[in-house]
Amino acid sequence: MKRLGLAAFGLFLGFGSMSAQNAYDALNISREDPVMGTARYSAMAGAFGALGANASTMKDNPAGLGVYSKWDLTFTPNVYVTNDNSLGCSVNNFGLIINFGNSGKRNGYVTSSFGIGYSRLKNFKSYSSVVMRNKTTSMTDDMVDKASFAVKNSAQQLGLLNEEWNPILAEGEKIDTRVRFKENGGIGEWDFSYGMNVSNRFYWGIGLGVTSLDYTQLTNYDEIFYNPDENWYLDNYYEATGSGFNFKLGAIARVTDFFRVGLAFHTPTFWTIDQYTDQNMDYNDINASHRGTEISATDLSYSLQTPLKLQASLGFVIGKRAIIGLEYQFADYSAMRLTDVDGDVYGYEGSHWTARYADFDESEEKDRINEYMNATHTIKAGAEINIVKGFAGRLGAAYVTKPVKDEAAKELWYSSDYPVSLPKETLYLTGGLGYRGECFYADMALVYKRQANMLYDYLPADKAISDDGNNNMNIMATIGWKF
């Protein structure tokens, strides 16, 4: 999801206030890529909740640890190609499963395992650029009514607005505009989980997840007049770091040797976020007496509560020939909460650079989140077929419904003086191959992701400037030992 807020955390409605855009930053941090993990897990689109015995099940259903009968050590590097064909790399998964041995009993406690695992929940790396030519409207047309005081004041000082606060763009004059996004960073999670096997029919597990966030984004809005001396830009930089924790509880019932049912519950992740932003503006009129400079900034910390998650899954084991996984996950993003905002907002008040304490209305933000965020439904399906002894092929697909309501971009409660991209549905197509030996195993997987987005140059707006989605490809390999 592209830059969705906090770049001017509270500066576009007026100096010192907090903005409704906070909801979109919360969404950006709360959403994950649900199919990323070990290569075997990813090749089956993450539909492992009722199957278990895979290191990545710790982040979904810790009861999967109860299915283990051996120790497991696994490592999964990942290379990904972004929508602008640039390359990135990350560690998708690291896992160590410690099995405590078989009790020799058929009823009651049989065995249990403790797992330590790292999962890359999301990669943010992307770059997008959209050019629009021969436009007859400018952001300056809406600055007086919708822009922050910092932007509006600087626009007048730079000469984009005259003394009567009217834009200098002449009636009927045409312009070109360019919108650019650049993102980097990711979200990771360390899981510490325990799972138990009871009578080889029931498995339960519990886990603690410790999350980390590292994210940066630069958003550029440019207007190019046909007079080459009259071009201007508005740049927004955003940086966020944070840590959080959550708990997971899961169970798997082995109804028959062929059929298994899994259930899991994830508490909200309780984040503590530190963020810094700044906003810069310049106008290239050679006759202007003022040059562009930093016009606003924030230095804040806040708490974020993501939605809880409910997961149900089915597993089918067809002898030693194949396995099939089906999974459903529910997350209601209208349940997100932003609290404990603390810090300062900086900007020009008149001709002076001034700091004010951040003013944030939690109940108002809660109402906005409730009204404009959706509950999402994630559906996963995956299959593995043993081709010959030791070698298997895998296919999968996953679909995630849109987390933001359609009317969010049009309503007047939300204004922005910089570009915004609202996420819609997400589709994943996956596949891979695997080798299993006595102790050593190796897998590879490809994951294609299609994220639909609606891109707006600024809000509110009735029509997006682009509805092109972002595509990326993940190529990963797992090596592991079971002993």
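Mentor: Patches are built from residues with over 30% relative accessible area and no salt bridge, with like charges joined within 9 Å and nonpolar side chains (Val, Leu, Ile, Met, Phe, Trp, Tyr) within 5 Å. A salt bridge is a side-chain nitrogen of Lys or Arg within 4 Å of a carboxyl oxygen of Asp or Glu. The model is predicted: local features need pLDDT of at least 70, side-chain atom pairs count only at pLDDT 80 or more, and totals for chains, interfaces and linings use all residues. Residues are numbered from 1 along each chain as its sequence is written, and side-chain values use heavy atoms, leaving out hydrogens and water.

Trainee: Which residues gather in the patch of negative charge on the surface?

Mentor: They are Asp340, Asp342, Asp359, Asp361, Glu362, Asp367, Glu371 and Glu407. Asp and Glu count as negative, Lys and Arg as positive, while His and the chain ends are not counted. Strand 13 (337-349) and helix 5 (362-372) are the elements that give two or more residues to this patch. Helix 5 supplies the largest share, three residues.

Trainee: Why is Glu371 called partly exposed?

Mentor: Buried means under 20% relative accessible area, exposed over 50%, and partly exposed in between (1.4 Å probe, protein chains only). Glu371 has a relative accessible area of 45%, so it is partly exposed. Glu371 lies in helix 5.

Trainee: What makes the pair of Phe245 and Phe247 edge-to-face?

Mentor: Rings of Phe, Tyr and Trp (its six-membered ring) pair if their centres lie within 6.5 Å; planes under 30 degrees apart count as stacked, over 60 as edge-to-face and the rest as tilted. The ring centres of Phe245 and Phe247 are 6.1 Å apart and their planes stand at 75°, so the pair is edge-to-face. Phe245 is partly exposed at 38% relative accessibility, and Phe247 is partly exposed at 42%.

Trainee: How many aromatic pairs does this rule give?

Mentor: The count comes to 14. One of them is the tilted pair of Phe124 and Tyr215, at 4.3 Å centre to centre with 55° between the planes. Phe124 sits in the loop between strand 3 (109-123) and strand 4 (126-135), and Tyr215 in strand 6 (residues 202-225), 91 residues apart. Phe124 and Tyr215 are both buried.

Trainee: Why is helix 4 described as largely enclosed by the rest of the structure?

Mentor: Helices (H or I, at least four residues) and strands (E, at least two) are DSSP runs, numbered from the N terminus. In helix 4 (residues 149-158), seven of the 10 residues are buried, so this helix is largely enclosed. The buried residues include Ala150, Val151 and Leu158.

Key. Areas by Shrake-Rupley, 256 points an atom, 1.4 Å probe, with all protein chains shown as cover. Charge placed at Lys NZ, Arg CZ, Asp CG, Glu CD.
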